[in-house]
Amino acid sequence: MNVREPSIDMNRLFDRLRSLGAIGRGEDGKLVRLSASDNDKAGRDCLVSWLNEAGLEVAVDRIGNVFGIWRDESNEKEMPLLLGSHIDTVIDAGMYDGCFGVLSGLEVIETLKAAGIRPQRPVVVAAFTNEEGVRYAPDMMGSLVFAGGMPVEEALAVIGHDGSVLGDELRRIGYAGTLDPGFLKPHAYLELHIEQGPVLEREGFTLGAVENLQGISWQRITIDGIANHAGTTPMSMRRDAGHAAARVVTFLRDRAMASNSPTVATVGCMQFEPNAINVIPSRAMFTVDLRDPNEQRLRAEEAALATFLEGLAKAEGVRVSVERLARFEPVIFDGDLVAHIEEAASRRGLACRRMTSGAGHDAQMIARISPAAMIFVPSVGGISHNPAEFTPEADLVAGATVLLDVVMDLVRSSGAQA
């Protein structure tokens with residue numbers, strides 16, 4: 001068999017990105033593929049058709065993670081190199097987040113196959129279930145279960161915000177697999193992703209070699225006060241859950257802004273009861289997202305919030321309860337893999353910097369069981385989780401090409417070509 005230097009088929013990659021980006025797009029133009037929904041099924045079906053066209057073995061585990069496996073008798077006993085990300089989206093999403101990593105992984109495998117490369121170990125591309133966590137909590141659930149961080153039965157029993165049960169929905173859409181999560185033991189894991197932030201574009205870098213990932217703390221806070229008439233109740237006599245919630249929002253922002261650390265704090269969801277213009281809120285429910293790449297600082301922020309809530313309850317005459325939704329410690333990726341990414345970028349003459357990921361990714365879960373690292377490409381304007389999400393084609397090609405180079409280095413040695 002003749003061997004040629006592998007090269008990414010950028011037209012195939014872009015066509016697939018656009019095709020997948022059209023699945024789940026409504027008449028209003030909004031892209032929505034929530035996990036285990038009908039739109040998610042359509043996206044999965046499309047991906048599986050491409051995996052089959054590529055001649056890959058398709059496997060689905062019990063949490064619905066989809067795998068395209070490239071192996072043969074010569075390497076089937078070796079631990080696989082795992083590539084991947086996710087294809088579920090947030091509400092009104094862009095088309096690159098997650099999907100670029102999955103489709104680039106598939107493109108790398110197809111490119112290597114076409115070039116006559118015979119890898120010394122299997123290469124697998126994965127699309128993990130419920131990375132975004134919009135319909136079911138926690139986020140990054142499929143990779144978390146795959147890595148053994150959450151029992152599969154517990155995950156399948158999770159009730160979504162719409163009252164659906166994840167396990168029931170996976171069965172309904174035909175993606176409740178039979179394989180136990182973790183049936184593959186990765187030799188290493190690589191994830192290519194858009195940055196979802198402004199650093200690479202602002203500093204003029206084509207690529208990021210992600211060396212660590214922020215810790216994440218998600219909480220749901222409920223404040224109970226007393227509903228009363230908005231016109232007849234003096235300000236000094238109110239137990240206003242809405243005002244108390246506003247004080248929490250202000251506290252979090254002021255504290256983060258005053259800090260010299262990279263800590264960030266976000267209140268992303270808020271709901272009042274009875275939610276009437278002329279009634280003092282009796283209840284406020286809202287989420288808090290705290291992130292920091294340093295575990296001690298993250299714990300300090302959690303403790304500061306807890307202390308503030310305790311004082312708030314006394315000062316406002318309200319009752320405060322806190323529910324932990326998710327908690328992930330900061331992750332340090334494999335140093336050798338990070339260096340390998342930098343070296344591959346350098347060989348291509350591409351400007352690359354080491355960096356921290358501010359967002360959560362499946363890679364942080366797989367890092368529990370395998371060496372792992374990530375490659376970032378720039379996001380224009382730092383925009384993500386938004387239909388304006390965009391990365392120029394040249395940057396997409398650069399990222400996929402470096403992923404290809406790293407994969408080749410990891411699976412090929414002298415005598416490994418046919």
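Is Phe146 buried or exposed? With a relative accessibility of 3%, Phe146 counts as buried, a word used here for anything under 20% relative accessible area, while exposed means over 50% and partly exposed lies in between (1.4 Å probe, protein chains only). Before going on, a word on what you are looking at: this is a predicted model, where local features need pLDDT of at least 70 and side-chain atom pairs count only at pLDDT 80 or more, while totals for chains, interfaces and linings use all residues. Residues are numbered from 1 along each chain as its sequence is written, and side-chain values use heavy atoms, with hydrogens and water left out.

Now for the rings. The structure holds 7 aromatic pairs, and one of them brings Phe146 together with Phe67: their ring centres are 5.6 Å apart and the planes meet at 35°, so this pair is tilted. Rings of Phe, Tyr and Trp (its six-membered ring) pair if their centres lie within 6.5 Å; planes under 30 degrees apart are stacked, over 60 edge-to-face, and the rest tilted. This pair links distant parts of the chain, as Phe67 is in strand S2 (residues 66-70) and Phe146 in helix H4, 79 residues apart. Helices (H or I, at least four residues) and strands (E, at least two) are DSSP runs, numbered from the N terminus. Phe67 is buried too, at 0% relative accessible area.

Next up is Tyr96 with Phe390, an edge-to-face pair at 6.2 Å centre to centre and 80° between the planes. Here, too, distant parts of the chain are linked: Tyr96 is in the loop between S3 and H3, Phe390 in the loop between strand S14 (372-377) and helix H12 (393-411), 294 residues apart. Tyr96 is buried at 7%, whereas Phe390 is partly exposed at 39%.

Back to Phe67 and Phe146: ring pairs link them with Phe128, Phe183 and Tyr189 into a cluster.

A cis peptide bond, with omega about 5°, joins Ala137 to Pro138, and Pro138 sits in the loop between strand S4 (123-127) and helix H4 (141-146). Another cis bond runs from Glu273 to Pro274, with omega near 5°; look for Pro274 in the loop between strands S9 (270-273) and S10 (283-292).

Finally, Asp92 has a positive phi of about 60° although it is not a glycine. Asp92 lies in the loop between strand S3 (81-85) and helix H3 (99-114) and is partly exposed, at 23%.
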